[in-house]
2 protein chains.
Amino acid sequence: MASKIPLSPLARPLPDLGTIAGVRLGAAEAGIRYRGRTDLVMAEFDAGTSVAGVFTRSKCPGAPVDWCRAALSGGVARALVVNAGNANVFTGRAGVETTSATAAGAARLAQCAASEVFLASTGVIGEVLPAHKITDALPALHATLHEDGWADAARGIMTTDTFPKAAVRTTDIGGVPVRIQGIAKGSGMIAPDMATMLCFVATDAAVPSDVLQNMLAGATDRTFNRTTVDSDTSTSDMVLVFATGKAGNPAPAGTNMDAFAEALESLLKELALLVIRDGEGATKMIEIRVRGAVDDGSAGRVAMAIANSPLVKTAIAGEDANWGRVVMAVGKCGEPANRDTLSVAVGGTWIAREGTVVEAYDETPVVAHMKGQDILIEVDLGLGTGQNVAWSCDLTHGYIDINGSYRS
Amino acid sequence: MASKIPLSPLARPLPDLGTIAGVRLGAAEAGIRYRGRTDLVMAEFDAGTSVAGVFTRSKCPGAPVDWCRAALSGGVARALVVNAGNANVFTGRAGVETTSATAAGAARLAQCAASEVFLASTGVIGEVLPAHKITDALPALHATLHEDGWADAARGIMTTDTFPKAAVRTTDIGGVPVRIQGIAKGSGMIAPDMATMLCFVATDAAVPSDVLQNMLAGATDRTFNRTTVDSDTSTSDMVLVFATGKAGNPAPAGTNMDAFAEALESLLKELALLVIRDGEGATKMIEIRVRGAVDDGSAGRVAMAIANSPLVKTAIAGEDANWGRVVMAVGKCGEPANRDTLSVAVGGTWIAREGTVVEAYDETPVVAHMKGQDILIEVDLGLGTGQNVAWSCDLTHGYIDINGSYRS
C-alpha cells in the first residue's frame, strides 16, 4: 500500500547525513508485512551510551512502549530494534513475548543485557507480530551495521510516509564540537501527546541520562507535541535520544549545555515539521499562532482546536480563507474567549479585529497567500499575554484515499 | 452550492406532517445568499404559547443566539424568524442591529413584543447579514403563513443539507391527546454541545415553560448532544420547543407528563439521527455503544472519541473493520481504560476480548456487516458499570468536496 501513495508535494530531500561516533546502524527486509522494501532497522551503541525517551500517553500503548518505559530506568542503551508494518499493539501475551524474544536476540548480538535493548514497532494494530521474523533476520542485519547506515534506517521505519525524514545539527559543549543526528517517521495517526510516532536521535556528546531526559521532555513539549495531522494519538509514539559520549566534551556538572539543548530542540522541531509535511494527503502546511490568551496553556489548546478542526483544514485545502471557521474553532474549544475582543489574521493580513470584519477588508493578499504551500493563521484573543503555536496540515481527498484502504 | 451536493444515500423521506393547533408557518425567497430557493422561514404562535430552548456552548455565539437567550427569560413566544445562507455570527454591532430590526419587523406583523420573537440564522460566518433583505420579505411571507406550512419550513432552513428533516409524535397528557412536530437542519459543523444546528419543535400541549425547559435540557443531552459529524461545534446551535396549549390537556401540577417527555425525547432523537444521516459526505451511519466504564460520563467521552476519530471514520468509509483504530481512539481520549480488560465488537461480533484478538476470529460476519449502511461498534472497557452511546457517520471524499468549496 505505502508504495502507491504519491509523494507529498511538501516533501523535503534527506539532508547530508554524516556519522555519530559510537553508533552503527542499518536496515533489512524481514518480510513482516511489506514486500520488496526494508522493514527492520537495528542500531548498536558503544558502551557508555546514555538514553532518554518520551512515550505516548495513550491508555492502550503497544508492548514495545511498555518495554522501553521499563528499560529507560537503567539510563543506558546498547541497541535499538525497530520494525515497520506491525505495531505490536493490543496483542496481549503474544505481544509481550515478541518484545522479550526480540530484545533477547538483539542482546546476544550486541553482547549486552536485554534491558539495554530498546524496541519500537509501527504499523497495523491488533495483529500478532511473529518474533521469529525479526529474530531470524537480526543476525544478518547485525553483520551489516555501519556508521553510514542513517539513510537506510530512515527508510526502513516508514509506513504510510512518502519520504524519509532526517535532520542534523552541530554545536559544542564547553568548546568541544558535538553532533546530533535524528530520523523520524510518521504521516497519519499524528496528534502526539508526549512524543510522536517514532523518532530516534543520536549524539556523540556526553550527556548524563537525567540531564538528557529533562532536555528531551521540554523540547518535545514545544515541538512534536505542538503538531497534529488528524487529532488521532498513536499507541506507539516514541522519541528516543542516545548520547554516546564519543565527542569527549567535558562532563556536564557546571558545564553550560544551553547551546546543546537549543540544537537538540531545533533538530526535534525540524523532524516534527517534516512529519507534518508528510501528513497523510497534505498539500499545505499550516502554522497557527495564538496570542492574547489568559495563559500559554490556554493559547495552546485554542491553537490545537484550530489545528484539528476538519472544517478549517478542508477550507485551507480548498484555498479558501474561511476565517469564520477559525472563529468557530475558537468558540468550540471551551477555553476563555470573548467574541468582542477576538481578532483573526491570515498570511499576516488582519481580516477581523475585535469581533467584526475589518472595514474595507481587501481579500487580495489573503487569496494570494492561500495559494501557497505554507499557510499562517494568527489569532489574538485580546484577553491576556498567553501565547502558543500549533502546526498542522490540510485535509484532502488524499487522506481519505490512504485511510479508507490502508489495512486491506 | 447546496444544490450541487448529491442526495445522501442515507436520506429519509419527510413523514406525513400534520398541523399543530396554534402554529402557522411558511417560507419565502429573500435572496440572502441562495438563488432559486426559499431561505426565509417565519412561524407565528397563538397567544399563550410557552417556549423552551437550548443553545450552543460556543464562546463565539451568533447574534441570534444572544437574542434568543435573552428572549427566553420571558418564557413566552409569538413568532420565530429563521434565515439560511448567513449565520449572522462575528458581525459585531451590525449583527446586533440586524437581530433588533428583524425582531421589530416580525413583532409588528405578529402584533406582539419584540422580546416574544425568536430568531435563528444559519450559513456563512463573518459576513454582515443585511436586515432589510429579511424585513422587506417578511410582510408578504407573513400573509402566506398557514397551519400546513411545515414541509416548506423544513426546506427553507436547509444549507448544505441534502434532504429536509422532520418528525412527528402523538401522545397524551392526562388522557387528552397531544401532538408534537419538529423540523431540523444540519449536515456539517455538527458536534452539538447543548443543542444542534437548528431544530424547531411545536406541540399543541399545554406545558409551562419551566417544565418544558427541564424536559428539553435532559432530552437534548441524550439525543443531539450524543451526535457528531465532524467534531466542529457550531456557533449557531439551537433547539427551540413551542407549546401552544391548544390541545386542552390538564395543567401539569400533579399531572403525569412522563409519556409526553418520552415522546418529546423520541422525536428529538429521530431528528438528531436525521442530521447524522445527512452528515456531509456520509454514506454510513455509525452507532457506538460503550459499557464497562467507570461512569456514564466517562463512557460518553470514550464513545465520542471513537465517533470523532478521522481514522475510525475513514476505515468505516472503506468498509474496513479496522478495530485497531477503535483501540487507538479509546487510548487517546484520556479516560480511564485498561488495555488488558478492553473488548471490541463490530456488528455484534466480539473481535477482541480482554486485550487481545479472539482466538480463531472469523472476519466473515464482520465483513458483511461493514458493507451495510448502519454500523454498530461496541466497546466494553471492563472497569465498571458506566455506559453511553454516540452516533456519527463516516468520513468520505464527499466531506472534502463540500467543505473545500462551500463558501466560494
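Glu44(B) is a residue of strand 2 (residues 40–45) of chain B; helices (H or I, at least four residues) and strands (E, at least two) are DSSP runs, numbered from the N terminus. This is a predicted model, in which local features need pLDDT of at least 70 and side-chain atom pairs count only at pLDDT 80 or more, while totals for chains, interfaces and linings use all residues; side-chain values use heavy atoms, with hydrogens and water left out. Residues are numbered from 1 along each chain as its sequence is written, and chains are lettered from A and ligands numbered from 1 in the order in which they are written.

With a relative accessible area of 10%, Glu44(B) is buried (buried means under 20% relative accessible area, exposed over 50%, partly exposed in between, with a 1.4 Å probe and protein chains only). Its C-alpha is 6.2 Å from that of Leu25(B), although 19 residues separate Glu44(B) and Leu25(B) in sequence. Neighbours within four places in sequence aside, the contacts of Glu44(B) include Arg24(B), Arg78(B), His142(B) and Leu145(B), where contact means heavy atoms within 4.5 Å.

## Relation of the two chains

## A five-stranded sheet in chain A

In chain A, 5 strands in the order 3-9-8-7-6 form an open sheet with mixed pairing; two strands pair if DSSP finds at least two bridges between them. Strand 3 (50–55) and strand 6 (165–173) of chain A are at the edges with a single partner strand each, so one side of each has no neighbour in the sheet. From one strand to the next, the twist averages 15°; axes are lines fitted to C-alpha atoms, for helices over the stretch in contact, and angles run from 0 to 180 degrees between N-to-C directions.

Strand 3 of chain A pairs with strand 9 (residues 238–243) of chain A in the antiparallel sense over 6 bridges, and Gly53(A) is opposite Leu240(A) there. Helix 1 (residues 63–72) of chain A lies across these two strands, at about 140° to strand 3 of chain A. Helix 6 (residues 258–277) of chain A also packs on the sheet, touching strands 6, 7, 8 and 9 of chain A, and makes about 170° with the direction of strand 6 of chain A.

## Strand 8 and its cysteine

Strand 8 of chain A has 6 of its 6 residues buried. Leu198(A), Phe200(A) and Ala202(A) are on one side, with Cys199(A), Val201(A) and Thr203(A) on the other. Pairing with strand 7 of chain A is antiparallel over 6 bridges, whereas pairing with strand 9 of chain A is parallel over 6 bridges. Ala184(A) stands opposite Cys199(A), and Phe200(A) has Leu240(A) as its bridge partner in strand 9 of chain A.

Over all chains, the search finds 0 disulfides (pairs of cysteine sulfur atoms within 2.5 Å). Cys199(A), at 0% relative accessibility, is buried; its sulfur is 13 Å from the closest cysteine sulfur, in Cys68(A), too far for a bond. Cys333(A) is partly exposed at 24%, and its sulfur is 8.6 Å from the closest one, in Cys60(B), again too far for a bond.
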